[in-house]
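Hello,

Here is the structure we talked about. Please open it alongside this message; my notes follow below.

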Amino acid sequence: SKRYKSLKKIDINSPTELYTGVDNKTDTKVFIKKIHVNTNYINEESLVRFRNETAHAKKIDHQNILKLYDLIETEDYFLLVMEHFDGNILSEVSSNYTFDEKINIILEIANTLEHIHKKDIVHKDVKPQNFLVNRNGRINLKILDFGSYNLINFANLDKDIISLSSLNYIAPEQTGLLQRNIDNRSDLYS
């Protein structure tokens, strides 16, 4: 898209890539998440669900959730354009926090999940890699990755296509092995 320019790749988590970028129209920093559309792993039902959840995510307004600004679709990928946040991935810096700070982070995550669950939204990929944190006088936290998890069709899953870290945190019903619907309990399991 000509409106957005990627500046620096900061994370590769197949089948996604995360960049810092700029919105050329407003001259503000943004995150740009590029999600590759591989039809071997993504079916039409998953695409519809992803579009619906993205529309819902655009309506979420919470201090701990990155605001979703735009969804751009091409034949080969989606671009999710989100609020920029100066922070580090929680899984990479968690050892830098004290026990009390970790408790505060957990409480912030729980409060944020409660907020989205009250709106009948389930994140579906709660894991330390999907949280950004920083210390600016107090600990600030932002949740990443609403909806992109739904693009994965576990029936055709190849171990190379999804980060093993996701598999370590997902609830059993998310794998399709249990005949139970995915709901807010799935996030809490993670």
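K142 and E83 form a salt bridge, with their closest N and O atoms 3.2 Å apart. K142 lies in strand β8 (residues 139-143) and E83 in strand β5 (residues 77-83), so this pair ties together parts that are 59 residues apart in sequence. Is this pair buried or exposed? K142 is buried, and E83 is buried too.

Please keep in mind that this is a predicted model.

How many salt bridges are there in the whole structure? The search finds five. Two others are worth a look, one with D23 and one with R135.

D23 pairs with R3. The closest N and O atoms of this salt bridge are 2.9 Å apart. D23 sits in strand β2 (residues 16-23), while R3 sits in the segment before β1 (4-13), so the bridge ties together parts that are 20 residues apart in sequence. D23 has 5% relative accessibility, so D23 counts as buried. R3 has 33%, so R3 counts as partly exposed.

R135 meets E101 through their side chains, at 2.7 Å from N to O. R135 belongs to strand β7 (residues 131-135) and E101 to helix α3 (residues 99-118), so a strand and a helix are tied together here, by parts that are 34 residues apart in sequence. R135 counts as partly exposed, at 42% relative accessibility.

**The overall layout**

Now step back to the whole chain. The protein has five helices and eight strands. Along the sequence, they follow the pattern β-β-β-α-β-β-β-α-α-β-β-α-α. There are 190 residues, and 47% of them count as buried. The protein exposes about 10,600 Å². Carbon and sulfur atoms supply 48% of that area.

How do contacts run along the sequence? Take those between residues at least 6 apart in sequence: 54% of them join residues at least 24 apart.

**Around helix α3**

Follow E101 to another residue, R138. R138 lies in the loop between β7 and β8. R138 and E101 are 37 residues apart in sequence, and their C-alpha atoms are 9.5 Å apart in space. At 42% relative accessibility, R138 counts as partly exposed.

L107 is placed in helix α3. L107 has a relative accessible area of 48%, and is partly exposed.

I65 is placed in the loop between α1 (44-58) and β4 (68-73). Is I65 buried or exposed? I65 counts as buried, at 4% relative accessibility. I65 and T112 are 47 residues apart in sequence. In space, they are 7.7 Å apart, C-alpha to C-alpha.

The search of the whole structure finds zero aromatic pairs. One ring does have a charge over its face: K34 lies over Y77, at 4.5 Å from the ring centre.

Last, look at the backbone of D27. Where is D27 placed? D27 is in the loop between β2 and β3 (28-36). Phi of D27 is near 60°, a positive value in a residue other than glycine. D27 is exposed, with a relative accessible area of 65%.

**Where to start**

Go to K142 and E83, the buried pair in a salt bridge. Then go to R135 and E101, in their salt bridge.

Best wishes

How values were computed: Residues numbered from 1 in each chain as written. Predicted model: local features only at pLDDT ≥ 70, side-chain atom pairs only at ≥ 80, totals over all residues. Heavy atoms only, no water. Salt bridge = Lys/Arg side-chain N within 4 Å of Asp/Glu carboxyl O. Helix = DSSP H or I, 4+ residues; strand = E, 2+ residues; numbered from the N terminus. Buried < 20%, exposed > 50% of the residue type's maximum accessible area, 1.4 Å probe, protein only. Contact = heavy atoms within 4.5 Å. Areas by Shrake-Rupley, 256 points an atom, 1.4 Å probe, with all protein chains shown as cover. Phe/Tyr/Trp six-rings, centres within 6.5 Å; stacked < 30°, edge-to-face > 60°. Lys NZ or Arg CZ within 6 Å of the ring centre and 35° of its normal.
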